[in-house]
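Welcome, and thank you for stopping by. Please take a moment to look over the chain below, and then we can walk through some of its features together.

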Amino acid sequence: MRHHVIVIHRWTDRYADYAGYVDHTVHRVSYVTTEQAARHLPVEQAAGLRLVDSTEDEKALREAVDALTEQAGPPTRIVALQETDLDLAARLRDAFGLPGPGEEELHPLRDKLLMARRLGAAGVPVPATAEAGDHDAVAAFASEHGWPVLLKPRRGTASTGITRLDTAEQLTRHTFPSDTDMLVQPWVPDDVLHVDGVFTGATLGPWRAARYLNTCWEFTTGTALGSVEIDDPELLARIGEITGAATRALLSGPSVFHLELFASSSGELTVLEIGARPGGAEVPFVWRDVHGVDLMAAAFAHQTGAPDPTPPTLPRPEAVAGWLLVPPSVPPPCRVEAVTVPEDGGAYARVVPETGTLMRGGGYEHAGARFRFSGASSAEVAAAIRRTAERTRLTSTPVDSGAPARLIVVGCGNPPYRRYALDSAAAHVETALVQPHDVDWQRPYVADRFRAADTADADDTTRAVASLLTGRPGLGAVLTWDETLLETTAEVARRLGLPHMSPRAVRGCRDKLTTRRVLTAAGVPSAGFRHVHGREEALAAAEELGLPVVVKPRALAGSIGVAVAGSAEQVAHAYEQAATAAFPGIDRLDGAIVEEYLHGPEISVDCAVSGGEIRVLNVAHKRLGFAPYFEEIGHLVKPWDDEPWADGVRAVVAAAHEALGIRTGITHTELRLTGAGPRIVEVNGRLGGDFIPLLGRLATGVDQIAAAADIALGRTPATERTRDRCAEVRFLYPAQDAVVRSLDVEGVADRPGIERAVALAAPGTVLRLPPHGIVPRLAALVAVGDTPQECATALDRAQRAVRCVVAPLDTPGPEAVSAPLIAPGPRVTPDPLAQTDHPHAPHPAPEPLGGPDTAPRP
């Protein structure tokens, strides 16, 4: 039988190796997880993936399961390996009628009051336990068993929600939670032990007992928590006896278990609780690393009905394992200011947060510094743990959401294209900058809030960003609008615990081949495509897809190297262009992509995405020129809600974001409005270029840069439109390849309807028209009006007022001429395809002034 296994997963570290547990090519395996936790999942092999903000959000999780059911068929197994997810997995099994632990079977293992009663009835020693419905019930319990007492949630995890009350006066002041059933037990000052292992359904399989150094409850108050395995044979024998009795009393079938018990100074053992799941903290790691047994693999097998891979005995029984968790110096939320870790502490592995990391809490995995140990004896391991604990410190400061926040921009782009963005960011929130070179035109916006770093290096950039965040109480954020720096910035945000589009989602957008594959697998309307290597494969792909086709590089920007080809000769030429095209700061990926040509007008859709909620901010109609290339010569933003394609665009854009796993950030999606409906051209995980965010603000009143900053800070962005106008940008070009001698836009912005005129090419700039140059623009004109025609009229007038002198590159002499300016579109040149000899003709390449391309890039 071919199963459909749905896995509920929440860890961001490599706790479970699902690809090793089940063959994803034989069975369909789908995942419901969070944006952060998808990082180590075998997503490429998965039948489906749905992201939620939290796996504890039952409504969102059920919707995700429904979507996976529609995509890959009804589930035949539900798997959840983390304690907090067990209840919902049980309810889902019951709802689908699936094998595996349901609510009834799980109930005595999740309700600690019922658990204590079941164990007591089986003759297993347990602490006195009673319901704690109100003050009177707790007072009565304390009068019988004495103070102090512990109040606990009946269905709690990881010591969350536990309160110690030492006196009747404290009880009087205590407020009981209104939505949580509580129990009360006496405070027991004994040592706390834990036992982890496998129950076969009849007897104990492999197991190990360990002693906590401090307690889980003390860990919630800021004390380090350690654990060292026990090597005392006499004590282990008694532990094995009580563990066997407890597992037989509560476990109805094969199961991994985690049991906790008290050990008194006189040697008495009392069971505190037991869970039908692998232990938390570093338990799964040390079992794999030190003992050679994967408890997660066993739990996965038990929940799916597969054979248990656990050996009958431990492969390395003589080894002693241990682990240590060191919390930050102040409770979360806090920012790590400095990290002190001994290099010779004895740990064989460690996971330590970076300086500058925002610590939010959320379970042992995110609790602080984590260490794993191995040795020949309990004493040896305990000494190493204590030595490491004494010398490890995460010096941290509280984060106050009410204190002034700081946004750190990584890279800044060229002032003609991005000055408005930095201006908007600095007006909204205190802004800092990380870039490779010193501050120049940005200083009025960032003052001395600057660090130089190699922004292509995630380590160097992380250190720079961290240094701008530490020492401040307010929220911090990181943002880039530079296509070449998206992956670096996403990785920095991941390391520092900051809101951002995930590195996986960024890669899915950056690599157009991955985009196509993901969208096709998810059934999102896109373009048919082939990944090709060499001319012959490109020609074969074009024949299969049907001419005309689009040929493009896998991962550049600005439509560089992208061309439409309508014949075999053009396909061959376009492949060579795509395979050799380059964009500064972006590595070329292997091969090229041949796609079906999508007929219809092209638009771009800018969205704000927060918590998975997608808000469309504006739609821009793209002006293209220099056919067969896709030079973007202008953009028009206008009201679009009443367009017949509006609902279709919203649906397709939302589906593309879902498929690519985009749940955080500002996006720029390009589509073609074909006769068959909207189809995705590409999705970009950043602000749009070419002044499009500025056009959106002028037309709708929504500030995309402010929205991007708020999302990066974890705040809700302002996305409501305050007006419905039109705004358009038109780019001006020389009539042929040329060197700019002078350019004058002075006074053009004063013309009616013109919001700004921006010179894009300084004297001496070499401009080569497509396909030989990168955005070879002279100037940008931005107009605002109530209708598209008002914008067009204003732009036409403004274009005539721009003055430019250039020296054509193909002129033998050095003379400069006053040049006509073109905006290569239907309104300026009646037939841009008339230059049929230009796109494919050999182009002279004299040594350019100032480098191969000195035009500023958007």
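Let us begin on the inside. The model shown here is a predicted one, and its structure holds seven cavities of 30 Å³ or more. The largest cavity has a volume of about 150 Å³.

Which residues lie nearest the centre of the largest cavity? They are Leu479, His500, Gly665, Ile666 and Gly685, out of 16 residues that line it.

## Pairs of opposite charge

Side chains of opposite charge can pair when their charged atoms come close. In this model, the count comes to 56 salt bridges.

One of them joins the side chains of Asp511 and Arg554, with a distance of 2.4 Å from N to O. This pair links distant parts of the chain, as the two residues are 43 residues apart. Asp511 sits in the loop between helix H17 (503-510) and helix H18 (512-521), while Arg554 belongs to the loop between strand E25 (549-552) and strand E26 (563-565).

## A positive patch outside

Where on the surface does positive charge gather? Look for Arg751, Arg797, Arg800 and Arg803, which form a patch of positive charge there. Of this group, Arg803 can be found in strand E38 (residues 803-808).

Most residues other than glycine have a negative phi, and most peptide bonds are trans. Here are some exceptions to look up.

The peptide bond from Trp147 to Pro148 is cis, and its omega is near -5 degrees. Pro148 is placed in the loop between helix H6 (135-145) and strand E6 (149-153).

Another cis peptide bond runs from Ala627 to Pro628, with omega near 10 degrees. Pro628 lies in the loop between strand E29 (613-625) and strand E30 (631-637). Phe626 also has its place in the loop between E29 and E30, and its phi is positive, near 60 degrees, although Phe626 is not a glycine.

Note on methods
Residues numbered from 1 in each chain as written. Predicted model: local features only at pLDDT ≥ 70, side-chain atom pairs only at ≥ 80, totals over all residues. Heavy atoms only, no water. Patch = residues over 30% accessible without salt bridge, like charges linked within 9 Å, V, L, I, M, F, W, Y side chains within 5 Å. Areas by Shrake-Rupley, 256 points an atom, 1.4 Å probe, with all protein chains shown as cover. Salt bridge = Lys/Arg side-chain N within 4 Å of Asp/Glu carboxyl O. Lys, Arg positive; Asp, Glu negative; His and termini not counted. Charge placed at Lys NZ, Arg CZ, Asp CG, Glu CD. Helix = DSSP H or I, 4+ residues; strand = E, 2+ residues; numbered from the N terminus. 1 Å grid on protein atoms, 1.4 Å probe; cavity = no way out; pocket = protein on both sides within 12 Å on 5 of 7 lines; lining within 4 Å. Points joined across faces, edges and corners; volume = space filled by probe spheres on them.
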